[in-house]
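Biologist: Please take me through the packing of the helices and then the pockets, with the criteria behind each term.

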Amino acid sequence: SNGSDPSPSSFILASIPGLEAAHFWMAIFLCSMYIVAVTGNCTVLFIVKTEPSLHAPMYFFLCMLAAIDLALSTSTVPRVLSFYWFNTKEISFGACLVQMFLIHSLSAIESSVLLAMAVDRYVAICHPLRHAAILTNAVTAKIGLVAMARGVVFFLPLPLLLLPLPFCKSRELSHSFCLHQDVMNLACTSTTASMVYGLIAILLVMGLDSILICLSYILILKAVLRLASWKERLKVFSTCIAHICVVLAFYVPLIGLSVVHRFGKDLAPLVHITMGNVYILVPTVLNPIIYGVRTKQIQRRILNLIHIRNN
């Protein structure tokens, strides 16, 4: 584009060329996943709140995870559904920046909570006698506040760095919601500062968290392998399976989306939109299901609720 707009009024959300007629059914599928995510995460929050035996750091972290997933999906999916059902392709510049900040900051907070859960598993397995003294309710609350502050402080500059940039007349995004790199690529001037800061923020939050999570599990494996029998080893390590699955559900789509942004400029729009939706929806849907399947206390409470309702 030869022209630029220093203050664009809106951006145009991406649709899949040739599949406009299928938008209604795609929205039905996304809406179904969103309902599952909201129902599952609200159920986790309700069960942990009403079950005194679950008032422990591990489950408080799980509540934080559920609340983050609710906020993340609610900040994106309703707008995507509006696009697919009512063909509202445009999103205002301000709303786009707010949505972008929420997506990135909530993802950073979720990464911090996953790290805290890994530390909780490490302390519970490697220092079981000191677990209650180290991870008290007060410490758990402080960790949650630090995770929130960390996400806000690191990712608030992202939209602020984009505010003064002039944007090209072509305002078409490659996703059906706003992401930093996607919006940044539409600028008509140098975006080096924004690009470098975004990369630093990702490395210092998600990158550092992933390394520390791996380190926690290396130490856990060393402790588990020192146990006498394979039966004891499997029993102890099985307490980490749910967390490992949740970590993979979060980081695999994140890495996949980053690779698509970095190296997939020539890929079909379907790939970009699919990876974006996977990144937003898959963790929010899978997290409550994984913990519901792997945690006997949550299973028992859900079955009790179903039994009471049937009676």
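**Helix packing and pockets**

Biologist: Is the crossing of α1 and α12 left-handed or right-handed?

Modeller: This is a predicted model, in which local features need pLDDT of at least 70 and side-chain atom pairs count only at pLDDT 80 or more, while totals for chains, interfaces and linings use all residues. Residues are numbered from 1 along each chain as its sequence is written, and side-chain values use heavy atoms, without hydrogens or water. Helices (H or I, at least four residues) and strands (E, at least two) are DSSP runs numbered from the N terminus, and a crossing is left-handed if the near helix is turned anticlockwise from the far one by less than a right angle, right-handed if clockwise. By that criterion, the crossing of α1 and α12 is left-handed.

Biologist: How is α1 oriented relative to α12?

Modeller: Axes are lines fitted to C-alpha atoms, for helices over the stretch in contact, with angles from 0 to 180 degrees between N-to-C directions. Angles under 35 degrees count as roughly parallel, over 145 as roughly antiparallel, 65 to 115 as roughly perpendicular and the rest as oblique. The axes of α1 (residues 23-50) and α12 (residues 269-294) come within 8 Å and cross at roughly 40 degrees. Therefore α1 and α12 are oblique.

Biologist: How is α4 oriented relative to α9?

Modeller: The axes of α4 and α9 come within 9 Å, crossing at roughly 15 degrees. Hence α4 and α9 are roughly parallel.

Biologist: How is α4 oriented relative to α11?

Modeller: Here the axes come within 11 Å, and α4 crosses α11 at roughly 155 degrees. The crossing is left-handed, and among the residues that meet are Glu110 in α4 and His243 in α11. Accordingly, α4 and α11 are roughly antiparallel.

Biologist: What volume does the largest pocket have?

Modeller: On a 1 Å grid over the protein atoms alone, a cavity is a set of points where a 1.4 Å probe fits but cannot get out, and a pocket is an open set with protein on both sides within 12 Å along at least five of seven lines; lining residues have an atom within 4 Å of a point. Grid points are joined across faces, edges and corners, and a volume is the space filled by probe spheres set on the points. For the largest pocket, 27 residues form the lining, and α4, α8, α9 and α11 each give two or more of them. The volume of this pocket is about 600 Å³.

Biologist: Which residues lie nearest the centre of the second largest pocket?

Modeller: The second largest pocket has a volume of about 400 Å³. Of its 16 lining residues, those nearest the centre are Glu172, Leu173, Ser174, Asp182 and His272.

How values were computed: Contact means heavy atoms within 4.5 Å.
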